[in-house]
Amino acid sequence: MLTFLWKFTFSNVLIISCCHNYVDNLDKPAIAKYFNTKGRYEEVNLHLIKDILAVNRSILQPPSANCQEIHLTAIIRHGTRYPTIKNVKEMKQLYNIVLHNASGQESWLHEIQTQWTMWYTEDMDGRLVQKGVIDLKHLAIRLSKLFPSLISEEKLRGGFIKFITSSKHRCVNSTLSFKAGLTELWAITDKEFDHVVNDALMRFFDQCTRFVQEVENNPSALSEVDKFKQGPEMRRVREKIADRLRVPYSNITQDMTEAAFYLCAYEFAIKAVNSPWCQLFDEDDAKIMEYASDLTEFWKRGYGYDINSKSSCNLFHDVFNRLNKAASENKSGQQVTEAVTVQVGHADTLLPLLTLLGFFKDSDALTSTNYDTQTQRSFRTSHMLPYAANLVLVLYNCGGGDLRLQPLLNEKPVTFPGLTDQQASMPLYQDVKDHYRELLQGCDFETECQLFKSPA
């Protein structure tokens, strides 16, 4: 397995900055809660809007006062980023149509045509923005407050906190930002902390041949998404946008519809402003746009195909190997050598793992024809995967060989699917391993990802 060590320095990475500084603004779009993977972390933790460093340790609720945290693994999505090249190109096309062809007296349209400028450029290409730096710094501080015995200056200086990242610039920069949050908190200036680049763990989807061939590069794999985008719900959204801009319906392509929604989302995520672009959508439109995105994630990274989740086998085993090692060291009376593991990747890293673990599974699959019956679905990326989304697994020793495992998603306790009868969200670690025994004894990455699997 090829890995690389990076020194803790910002000199070898690029964070593009522009004329816009991030300032939180409570004048948020009415549709902000539907921004799926383009949403702000604060929208799934509304209390952070008032106090970005607020934590509530009472949510942990260990079964006894004797419980002590012995290991924490955090799998974190990178922070807020700029649009990709593809997004920017589509935004430019839409902007040109609005600038030269749209008409009307609405104030928001006048603002776009006379005051708003197309400031997104192709060289931004998904890079971390300043808000993304802040996302990870603040997350580091909050986790250190939530788990002070594990994420501590002593543990960091002693080498008991390990950092792993995807090779993508936005993930490397997010890792550096997380570390900076800790070093600035404790005013550490005399020591640097390495991190490891490991795409086998954090970008496993690129290395799973079967996933790449059967899903990623297979146009028919997303046929349900294509059908929905050509269906009556999306057609209605496009018609309403064309009417609001007073342009022919044929001028507004599906790509432009998505670009308009992204413009609203990115403006809010990056600059915390209620952009005039948001006026192109009402709440019903936003729900449809959210469903279109969820449909894509469902079929491309979620429950749509078995290989989507099985591509994360390496990460799944890595997580449990670290937990097992910590449990073994603690049982033998040794100091746990890796108290904390911080792993920074993508939404595409987190979602397959959450799917493999069985989280957010509805009774019916998301399809192109059941939008109306999926309004109460649990598979909703706006809730699961905002920027800086994180899955945290904390192992506790409660004495007498009583090991417990607590999962938290976006700093809120969740319950392992199938273990709802266990004590709240902190079941016995052995029960968790028993529940996932089949995966722990199997889920072999090489076997699952070979293009032509042998018959069972």
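Does C171 count as buried or exposed, and at what relative accessibility? At 0% relative accessibility C171 counts as buried, where buried means under 20% relative accessible area, exposed over 50%, and partly exposed in between, with a 1.4 Å probe and protein chains only.

Before I go on, this is a predicted model, in which local features need pLDDT of at least 70 and side-chain atom pairs count only at pLDDT 80 or more, while totals for chains, interfaces and linings use all residues. Residues are numbered from 1 along each chain as its sequence is written, and side-chain values use heavy atoms, with hydrogens and water left out.

The sulfur of C171 is 19 Å from the closest cysteine sulfur, that of C208, which is too far for a bond, given that a disulfide is a pair of cysteine sulfur atoms within 2.5 Å. By that rule there are four disulfides, and one of them joins C208 to C449, with the sulfur atoms 2.1 Å apart. C208 sits in the loop between α7 and α8 and C449 in helix α19, so this pair ties together parts that are 241 residues apart in sequence; helices (H or I, at least four residues) and strands (E, at least two) are DSSP runs, numbered from the N terminus.

Turning to the strands, six of the six residues of β5, residues 340-345, are buried, so β5 is largely enclosed by the rest of the structure. Strand β2 pairs with β5 in the parallel sense over six bridges, pairing here requiring that DSSP finds at least two bridges between two strands, and five bridges join β3 to β5, also running parallel.
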